[in-house]
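I opened the notebook to record what I looked up in this structure. The entries go from the whole chain to single residues.

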Amino acid sequence: MQSDDTDVEEQRIPQLIPGPPQLPPLIRGQKLKSGPYTITVTDEMVAHRERENLELYRAWVREQRRRNMLPQENANDYIGDFKDILVRRSFVRKVFCILTLQLMFTFFVISIFMFVDEAQKFMIIHWYLWIVAIVFFIVAYCAIACSVHARRTPPYNYICLILLTLAMSYLAAFISVLYSIEVILIVMGMTAIVTTIIALVATFSRFDLTMRPGLVMVVGLVAIVSIFVVLIVLLFTHIMVLRLVIAIIGTLLLCMYLYFDVQTIMGGRRIELNPDEVVFAATQIYVDIILLYQYLLIFVGFFQR
């Protein structure tokens with residue numbers, strides 16, 4: 001059965017594409033030099049090398065299928081481990097369970113600083129803690145995004161996840177106390193609605209944004225540069241409309257990132273996350289939602305003043 005699937009995969013690959021990279025085959029009894037030592041190849045080493053080449057071949061087949069995937073196929077054609085519906089459902093369930101806990105904790109922290117006067121006084125007296133929170137967020141996010149060991153190995157992945165959630169929750173509360181309770185409730189409702197709509201569209205739409213990572217990178221870079229330019233202008237002027245510009249640019253940018261991240265999590269797209277990347281997936285969606293909440297807060301707060 002497995003060989004039949006492999007034959008089908010081979011038929012779907014254009015014949016003009018060069019073959020996969022292979023490690024040199026080993027022969028039993030062969031002498032190999034490793035520094036000052038000479039190693040004699042055993043049957044176990046030969047079998048191990050054959051397994052390595054087989055894995056390389058399968059990875060190459062999957063990559064060719066991914067590159068030649070048509071947009072019409074993306075909605076139902078899952079790749080790699082996501083072909084198993086149980087694996088896919090378990091991955092999505094874990095991601096959204098962790099995400100729910102993160103959002104509930106953030107809502108709890110915001111509520112404390114909104115309704116408890118002592119907490120607000122603590123935030124005002126120790127105003128510098130928002131800088132500490134940014135540092136913790138950057139360190140934890142970079143660890144999760146850049147280190148496979150940090151995001152996959154317990155307890156390091158959960159430590160990074162907790163630190164990032166604490167930092168983002170404090171930053172969200174630090175911004176929320178500047179606005180009234182009515183504005184906070186309106187923005188939370190707007191964030192929930194926008195997030196739900198984007199998640200549904202990204203899941204069921206045939207438009208695969210993961211096929212255009214270059215476009216996502218260019219738009220994100222232009223948006224970030226634009227926000228920094230507007231912030232620099234705000235340092236020397238008092239044009240309040242520029243805050244609205246920042247809010248609109250940031251909101252649109254986060255909606256695009258959220259759309260992209262949801263598609264990589266749900267699978268069946270050109271780019272999809274490995275089922276082992278539960279912490280990374282939850283982190284991506286959580287950061288998107290909290291930043292979207294903050295930009296919507298700036299947007300709605302502009303019209304309330």
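Basis. I worked from a predicted model, in which local features need pLDDT of at least 70, side-chain atom pairs count only at pLDDT 80 or more, and totals for chains, interfaces and linings use all residues. Residues are numbered from 1 along each chain as its sequence is written, and side-chain values use heavy atoms, with hydrogens and water left out.

Entry 1, fold elements. I looked up the secondary structure and noted 11 helices and two strands in the protein chain. Helices (H or I, at least four residues) and strands (E, at least two) are DSSP runs, numbered from the N terminus. Read from the N terminus, the order is α-β-β-α-α-α-α-α-α-α-α-α-α.

I located methionine 45 in helix 2 (residues 43-67). Methionine 45 is partly exposed, at 28% relative accessibility. Its C-alpha atom is 7.6 Å from that of leucine 26, 19 residues away along the chain.

I found leucine 101 in helix 3 (residues 85-115), exposed with a relative accessible area of 59%. Between the C-alpha atoms of leucine 101 and threonine 165, 64 residues apart along the chain, I recorded a separation of 9.8 Å.

Note on methods. Buried means under 20% relative accessible area, exposed over 50%, partly exposed in between (1.4 Å probe, protein chains only).
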